[in-house]
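Please look over the sequence and the model below, and then read the briefing that follows.

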Amino acid sequence: VAGIVEWIEIAKRPATEDLWLEFHVDGEPIPAILAPARALFAPVRDGQGHPSYVFLPNRPDGATLRWAVPFHRGLSITAHNRGKAVLEDVALLACVHPAEPSVTEGMMRLRGAYHRGTSATDLHLTGRGRLVSRVCEQ
């Protein structure tokens, strides 16, 4: 099954890094994206939302990410609680458009790497592609 995720919505952004989201694309064993939901939906933190082309605040604590996530042979999005406490009011919604495999075959894939750095300049990336976003928190 091929398609493109147009947007992903979270109903309530977690206050801790306990909730992690894992995206597997096209049956790859290594996640294309693996990061805390709190970091993926970072602009909500200060309550101002910071709307942009890729980020839309839609509730007091929720938001929509307008990421294009193409996939050619399938996609799974899994939420993991890495904390000890039960997470309440967690809800994710994704808008997926089916597409012919010929449409998604040559598209670049979205990748996300979470790295806890020691300073705002502690970022080292290698490989092909484009840097789309960087979240720094002090």
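**Briefing**

His24 lies in strand S2, which covers residues 19–25; strands (E, at least two residues) and helices (H or I, at least four residues) are DSSP runs numbered from the N terminus. This is a predicted model, in which local features need pLDDT of at least 70 and side-chain atom pairs count only at pLDDT 80 or more, while totals for chains, interfaces and linings use all residues. Residues are numbered from 1 along each chain as its sequence is written, and side-chain values use heavy atoms, with hydrogens and water left out.

**Surroundings of His24**

- His24 counts as buried, because its relative accessibility is 16% and buried means under 20% relative accessible area, exposed over 50% and partly exposed in between, with a 1.4 Å probe and protein chains only.
- The side chains of His24 and Glu22 are joined by a polar contact of 2.5 Å, a polar contact being a pair of N or O atoms within 3.5 Å in which, within protein, one must be able to donate a hydrogen and the other to accept it, and residues adjacent in sequence count only if both atoms are side-chain atoms.
- When neighbours within four places in sequence are left aside, His24 is in contact (heavy atoms within 4.5 Å) with Pro29, Ile30, Pro31, Gly74, Leu75 and Ser76.

**The chain as a whole**

- The chain has 2 helices and 9 strands, and along the sequence these follow the pattern β-β-β-α-β-β-β-β-β-α-β.
- Of the 138 residues in the chain, 30% are buried.
- Among contacts with a separation of 6 or more, 69% are accounted for by residues 24 or more positions apart.
- The accessible surface of the chain is about 9,100 Å², and 54% of this belongs to carbon and sulfur atoms; the areas come from the Shrake-Rupley method with a 1.4 Å probe, and for residues only the protein chains shown count as cover.

**Pairing of strand S1**

- Strand S1 (residues 2–10) runs antiparallel to S8 and is joined to S8 by 8 bridges, where two strands pair if DSSP finds at least two bridges between them.

**Loops and backbone angles**

- Most residues other than glycine have a negative phi, and most peptide bonds are trans.
- Asp26, in the loop between S2 and strand S3 (33–36), has a positive phi near 55°, and Asp26 counts as buried because its relative accessibility is 10%.
- Asp89, in the loop between S7 and S8, has a positive phi near 60°, and Asp89 counts as exposed because its relative accessibility is 55%.
- Gly83 is found in the loop between strand S7 (75–81) and strand S8 (92–99), and Gly83 is partly exposed, with a relative accessible area of 26%.
- The C-alpha atoms of Gly83 and Glu17 are separated by 8.0 Å, although these residues are 66 residues apart along the chain.

**A charge over a ring**

- The charged end of Arg82 sits over the ring of Trp20, 3.9 Å from its centre, where the rule asks that NZ of Lys or CZ of Arg be within 6 Å of the ring centre and within 35 degrees of the ring normal.
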